[in-house]
Amino acid sequence: MLIAQLSDLHIRLPGQKAYRVVATDAFLPPAIAAINARRPRPDVVVISGDLVDFGRPAEYAHLKRMLDALEAPYLLLPGNHDDRDVLADVFVDHPSLQGCDGYAQYVVDDYAVRIVVLDTVVPGRSHGALCERRLSWLAGRLAEQPARPTVLVMHHPPFRTGIGHMDAIGLLQGAEELARIVGRHGNIERILCGHLHRSIYRRFAGTIASTCPSPAHQVALDLRQDAPSAFVMEPPAYMLHEWRDGGLVSHLAYVDAYPGPYPFHEGGALIDE
């Protein structure tokens with residue numbers, strides 16, 4: 001099984017730029033084309049939040065038109081830039097977004113790896129939270145199939161990254177209880193997150209939690225705790241997660257094309273010229 005992960009699209013309308021710099025909607029079609037060109041083709045694409053920039057109906061409609069080009073099915077979850085109600089209204093063909101106890105969280109059992117989507121959004125705020133209701137829902141879903149390989153997907157990562165301005169708007173409530181729940185379930189192969197616009201990994205409660213880069217702009221890698229909130233135009237990227245030999249193997253994949261591939265060997269020998 002192959003999972004492609006996109007995150008933090010921040011889609012705006014054609015001609016509009018995020019932060020006066022990034023034409024975010026121009027970056028998504030090349031990312032979709034790159035995923036479609038993958039061999040083997042991903043079984044599913046998970047898009048881990050901040051789908052649009054301001055949660056507006058027109059932004060979601062524009063996003064939906066672009067996502068129609070994906071040749072694999074895709075799963076959506078909201079981030080702090082999203083409006084979960086507007087998202088559900090526009091993506092009516094994704095009934096899972098209609099809500100569970102008021103949250104856009106759901107389970108997908110269609111693949112070799114079970115996918116559990118958890119909503120960390122606090123409406124109108126940039127930070128994330130997991131309240132008792134959401135954590136109780138998660139515990140119940142995990143108890144249903146305690147031996148099946150499972151991936152948990154959420155927008156805000158449950159760990160501090162060292163990027164101070166992002167940690168200040170990270171998962172500010174519920175991370176400790178999440179760790180207790182996850183720690184009881186050794187079948188959780190990975191916690192896939194967004195929010196950071198970078199590829200970051202940390203051991204968490206007996207598994208690995210990771211974040212995903214953006215197909216548009218990346219958060220600046222500045223580990224000073226007083227570093228300003230800023231982004232850089234590093235190469236657009238996404239993640240590939242392959243279920244292989246009883247584990248999940250992850251790869252950072254760039255959207256842009258670069259020279260190569262070139263052979264290492266010729267005539268059975270390492271090239272030396």
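Predicted model: local features only at pLDDT ≥ 70, side-chain atom pairs only at ≥ 80, totals over all residues.
The UniProt record, an unreviewed entry, carries the annotation "domain: Calcineurin-like phosphoesterase" for residues 1-198.

An open sheet of 6 strands was found in the model. Its strands follow the order β4-β5-β7-β9-β11-β10. The pairing is mixed. Strands β4 (106-108) and β10 (200-204) form the edges, and each of them pairs on one side only. On average, neighbouring strands of the sheet are turned by 20 degrees against each other, direction ignored.

Within this order, strand β7 stands between β5 and β9. Strand β7 comprises residues 150-153. On one side, β7 runs parallel to strand β5 (residues 114-117), and 4 bridges join the two. Here Val116 stands opposite Leu152 of β7. Strand β9 (residues 188-193) also runs parallel to β7 and is joined to it by 4 bridges. In this pairing, Leu152 stands opposite Ile191 of β9. Both faces of β7 are covered. Thr150 and Leu152 are buried on one side. Val151 and Val153 are buried on the other.

Charged side chains were examined next. Side chains of opposite charge can pair when their charged atoms come close. The model holds 14 salt bridges. One of them joins Asp93 to Lys64, with 3.6 Å between the closest N and O atoms. This pair links distant parts of the chain, as its two residues are 29 residues apart. Asp93 lies in the loop between α3 (84-90) and β4, whereas Lys64 belongs to helix α2 (residues 57-67). Asp93 counts as partly exposed because its relative accessible area is 46%, which falls between the limits of 20% for buried and 50% for exposed.

Glu177 and Arg180 meet through their side chains, at 2.8 Å from N to O. Both residues lie in helix α6 (residues 175-183). They are 3 residues apart, about one turn of the helix. Glu177 has a relative accessibility of 28%, so this residue is partly exposed. Arg180 is also partly exposed, with a relative accessible area of 47%.

A further salt bridge brings together the side chains of Arg224 and Asp222, with an N to O distance of 2.5 Å. Salt bridges also link several residues into a network. Its members are Asp109, Arg114, Arg141, Glu144 and Arg148. One of these, Arg114, falls in strand β5 (residues 114-117).

The surface also carries a nonpolar patch. Leu252, Tyr254 and Tyr258 make up this patch, which has an area of about 320 Å². Tyr258 is placed in the loop between β15 (247-254) and β16 (265-266). With a relative accessibility of 47%, Tyr258 is partly exposed, because this value lies between the 20% and 50% limits.

Key:
Residues numbered from 1 in each chain as written. Heavy atoms only, no water. UniProt positions renumbered as here; feature names shortened; annotations may be inferred. Buried < 20%, exposed > 50% of the residue type's maximum accessible area, 1.4 Å probe, protein only. Pairing = 2+ DSSP bridges. Patch = residues over 30% accessible without salt bridge, like charges linked within 9 Å, V, L, I, M, F, W, Y side chains within 5 Å. Areas by Shrake-Rupley, 256 points an atom, 1.4 Å probe, with all protein chains shown as cover. Salt bridge = Lys/Arg side-chain N within 4 Å of Asp/Glu carboxyl O. Axes fitted to C-alpha atoms, helices over the stretch in contact; angles between N-to-C directions.
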